[in-house]
Amino acid sequence: MASTLRLFGQIRRPIVVTNQTARCLSQAATQPEPSSDENEAVNPTFVNRNPRNLEQLALAVKDRGWKTIWPHREFYHRLEFSRTQHHVTAHVFSSSSPDPVLSCSTTEWALKQELASTRCVAACQAVGEVLARRCQQAGITRMVYRAIPWTYRSDAVQSFRAAMKEGGITLSEPRRKYIST
């Protein structure tokens, strides 16, 4: 059996196939095609190895806590921003741990040496930019930020929030979705 191969309008040499067995002409055994029923079956012992998957889909349970406590406990991640006499600090807390997941402060040497003052508005903006980058690297893009009401309008807090938003962080979380079964 002889056949000719055409490639982009050019005629190539004919390929001759005979019944002789050769290494280059051997074929692999045909595999049976899988049925569609096997693809749709769900493993009954499925274990979710990504613990943040339900959180990112807004399906994970948010611990509500008591209504009388402040700040409220209904969050996946919470941002806490504070200014002292000498430094600016920001922490990101998870709802499951009292220890911060991420933090940034003007006490860090790399940040301190770039700033003229560790408490000014520019320092707050720099802390916001660095923390936003760290959150992006950690995969945290949404968090709750509830500023203390009497400090919310200050220029320092506003520049910190603007730097976080410019870094791609959304300072609110989606409402929890409830799925009926």
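Student: Is S94 buried or exposed in this predicted model?
Tutor: Buried means under 20% relative accessible area, exposed over 50%, and partly exposed in between, with a 1.4 Å probe and protein chains only. S94 has a relative accessible area of 15%, so S94 counts as buried. This is a predicted model, in which local features need pLDDT of at least 70, side-chain atom pairs count only at pLDDT 80 or more, and totals for chains, interfaces and linings use all residues. Residues are numbered from 1 along each chain as its sequence is written, and side-chain values use heavy atoms, with hydrogens and water left out. The state asked for is buried.

Student: In which strand is S94, and which residues does S94 touch?
Tutor: Helices (H or I, at least four residues) and strands (E, at least two) are DSSP runs, numbered from the N terminus. By that count S94 belongs to strand β6, residues 88-94. Contact means heavy atoms within 4.5 Å. Leaving out residues up to four places away in sequence, S94 touches F75, Y76, H77 and V101.

Student: Which elements does the protein have, and in what order do they run?
Tutor: The protein has five helices and eight strands. Starting at the N terminus, the order is β-β-β-β-α-α-β-β-β-α-α-β-α.

Student: What share of the contacts in the protein with a separation of 6 or more comes from residues 24 or more positions apart?
Tutor: The protein has 181 residues, of which 25% count as buried. Among contacts with a separation of 6 or more, the share from residues 24 or more positions apart is 53%.

Student: With which side chain does the side chain of S105 make a polar contact?
Tutor: S105 lies in strand β7, residues 100-105, and is buried at a relative accessible area of 8%. A polar contact is a pair of N or O atoms within 3.5 Å; within protein, one must be able to donate a hydrogen and the other to accept it, and residues adjacent in sequence count only if both atoms are side-chain atoms. At 3.1 Å, the partner side chain is that of T107.

Student: How far apart in space are S82 and S105, C-alpha to C-alpha?
Tutor: S82 is in strand β5, residues 77-83, and is partly exposed at 32% relative accessibility. S82 and S105 are 23 residues apart in sequence, and their C-alpha distance is 9.6 Å.

Student: Which residues does L111 touch beyond four places in sequence?
Tutor: L111 is part of helix α3, residues 109-112. The relative accessible area of L111 is 10%, so L111 is buried. The residues touched are C104, S105, T106, A126, V127 and V130.

Student: Why are α4 and α5 called roughly parallel?
Tutor: Axes are lines fitted to C-alpha atoms, for helices over the stretch in contact, and angles run from 0 to 180 degrees between N-to-C directions. Helix α4 (residues 121-138) and helix α5 (residues 155-166) pack with their axes 8 Å apart, at an angle of about 25°. That angle makes α4 roughly parallel to α5. Angles under 35 degrees count as roughly parallel, over 145 as roughly antiparallel, 65 to 115 as roughly perpendicular and the rest as oblique.

Student: How do the residues of the contact of α4 with α5 divide?
Tutor: From α4, V121, C124, Q125, V127, G128, E129, L131 and A132 meet D155, A156, S159, F160, A163 and M164 of α5. Ala, Val, Leu, Ile, Met, Phe, Trp, Tyr, Cys and Pro count as nonpolar, Asp, Glu, Lys and Arg as charged, and the others, Gly among them, as polar. The residues divide into nine nonpolar, three polar and two charged.
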